[in-house]
Amino acid sequence: MHKVMGFFVTMAIAGLALGAPPALAADREPLDARFQQAKPVECDVQCGDVITQHTKLTHDLSCSGTDGPALTIEGDGIVLDLGGHTVRDSGLSQPGGYGIVVSGDSMVRNGTIRGFAISIFTEGASYLRLHELKFEDNGVAVYDFTSTYFLVTHSRFIGSNYVFFNDFEQSYGLFDVRSSHFENNGNVFLLQGHIADILDSTFTSNDVVIDCFSGSLRVRSSIFTRNQAVVRAVDTGGRPDFCGHLRFEDSLLANNTSFGTTAEPVWVPQSLELVNNLFVGNGSGLEVYTFTVYVHGNTFLNNAGGLTLSNLPYVALPQTGIVRANRFLYNDGDGLRVPPPHTPTVIGNVALGNTGWGIYAPTAYDGGGNVARNNGAGNCEGILCAPY
């Protein structure tokens, strides 16, 4: 058993014809300032009400059987403060039950949204701020229908079938998620033309964290543990729908069942960057098919496999990039495997105690400084390794 003991992404980086983000950082600052200064007025809100001014709930709302959404926000710059209360439906048995429908640039904060088929639905908002919210047992927690920039902070998402969902080929937006927690959900991020930028967040016991069908992802300083799969990055056989840029930095990926799904275990993005991450105790190795790689300063420890880097099988050119200053320690199989004809530069890596090869890279460029010893099948193939 492999167990551990007890930005916003710029369009230059994404570079994937996803279209411009619906709101730029400069556009958000004055709106955020207005949200912070807003003083919502306590109101006796009832199910089905339309919110047109800053409003604070005074009691829980149980909106089972409501004709239409539980609440609707109309107009720009409006803050809906749930006041620590819960807006709930009876469950998912009634199809089409909406919690809060948002048609303008707004903020929803400070409360719980529970039991809706769709708890937040945007239809016209270019920017939506979600802060200190708990989403619990919803079919879809957040549904983007019209290319919205979401800024999500200090929120919890538990027990939803989908957390972030968007209408394919209809919306192109950004999920900017900070300091939030995701647990026991089905699919967390469904990226169909969207970008996800994740910072200081935790993902535990979800089925699939990132489903990158046609989008891009940046993860910083986050934790992924006990998930069934971390990323599903699809290979569409060269068709336009293609997972774009995947970047993980300063993050922990531990005790996940697999890096990919059972049906699609290999990550297939256009480019991959792994910087200063710790991969430990996972139930599979990480296998990636991609055009270019930058893998620097990572540790792969006690996983059911190491790191395998290849280009797409139908692409004639070899994979290129840099694999530098990583440690591959006590993994099943090879520590690092780069099969022919791929040619990344392998420099300054350490491979110890893996059951297969330490570093197997017959056609890679040898940048020097690699160290390998006590590996089961041999220490290095294709590059020169020193024992110390």
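A salt bridge here is a side-chain nitrogen of Lys or Arg within 4 Å of a carboxyl oxygen of Asp or Glu. The model is predicted, so local features need pLDDT of at least 70, side-chain atom pairs count only at pLDDT 80 or more, and totals for chains, interfaces and linings use all residues. Residues are numbered from 1 along each chain as its sequence is written, and side-chain values use heavy atoms, with hydrogens and water left out.

By the salt-bridge rule, the count is 11.

Select Asp 197 and Arg 220 to begin. Their side chains form a salt bridge, 3.4 Å from N to O. Asp 197 sits in strand E18 (residues 187-199) and Arg 220 in strand E20 (residues 208-220), so this pair ties together parts that are 23 residues apart in sequence. Strands are DSSP runs of at least two residues, labelled E and numbered from the N terminus.

Are Asp 197 and Arg 220 buried or exposed? Both are buried. Buried means under 20% relative accessible area, exposed means over 50%, and partly exposed lies in between (1.4 Å probe, protein chains only).

Next, select Arg 247 and Glu 249. This pair also meets in a salt bridge, at 2.6 Å from N to O, and both residues are buried.

Finish at Lys 134 and Glu 136. The closest N and O atoms of this salt bridge are 3.7 Å apart. Glu 136 is buried, with a relative accessible area of 16%, whereas Lys 134 is partly exposed, at 27%.

Key:
Helices (H or I, at least four residues) and strands (E, at least two) are DSSP runs, numbered from the N terminus.
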